[in-house]
Amino acid sequence: MSNPDSYADMLKAIQAFHDKHDFKGSGGEDLTYRVALMAEELGEISSAVTKGKTREQLAEECADLFILLMGTAIAADLDLNAAFWKKMEKIMQRESKMVNGRIRVSEFRDVN
C-alpha cells in the first residue's frame, strides 16, 4: 500500500505511468518535449485562474504540472527531493523586497 504523503511513493506512481506508456522508448522523456508540456500546463493553470474556474479545477491543473515536473526529474535522473531541500535552505536566507507593490524574494543584484 502506498503512502499518499511519500515523495518516494509519488515517484513510483509516476514511474509506473512512464513504464505503462513506454515514455523512455517513445520520446515521452525527451526534455525539450517535456518543457513544452510544462509550458502548456502552466498556460492551463493561468487560464484556470484568469477565467475563474473552481479550486478543484485549479488543483487538477496544478497536479498536472506537478506530475510533469516529477516525471522530468525521472527523465533527467534528478534527485528533485534533495534539490528541493537544498533550494529551500538557500532561499530561506534571502531578503524580500516590495517590487511594484508585490513581494519578491530573489537574489537581488545591484544594477549600475
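**Notebook: salt bridges**

I started with Lys90 and Glu107, whose side chains meet in a salt bridge at 3.9 Å, N to O. The model is predicted. I then placed the two residues. Lys90 sits in helix H5 (residues 80–91) and Glu107 in the segment after strand S2 (102–105), so this pair ties together parts 17 residues apart in sequence.

Next I looked up accessibility. Lys90 counts as partly exposed, at 44% relative accessibility. Glu107 also counts as partly exposed, at 39%.

Arg94 lies in the loop between H5 and strand S1 (96–99), and Glu107 in the segment after S2, so I noted a link between distant parts of the chain, 13 residues apart. Through shared partners, the salt bridges join Lys90, Arg94 and Glu107 into one network.

I turned to helix H1 (residues 7–20). Here Lys12 forms a salt bridge with Asp9, with the closest N and O atoms 3.8 Å apart. How far apart are Lys12 and Asp9 in the helix? They are three residues apart, so about one helical turn separates them.

Is Asp9 buried or exposed? I found Asp9 at 18% relative accessibility, which counts as buried because the cut-off is under 20%. Lys12 is exposed, with a relative accessible area of 57%.

Last, I checked the total. The structure holds four salt bridges.

Conventions: Residues numbered from 1 in each chain as written. Predicted model: local features only at pLDDT ≥ 70, side-chain atom pairs only at ≥ 80, totals over all residues. Heavy atoms only, no water. Helix = DSSP H or I, 4+ residues; strand = E, 2+ residues; numbered from the N terminus. Buried < 20%, exposed > 50% of the residue type's maximum accessible area, 1.4 Å probe, protein only.
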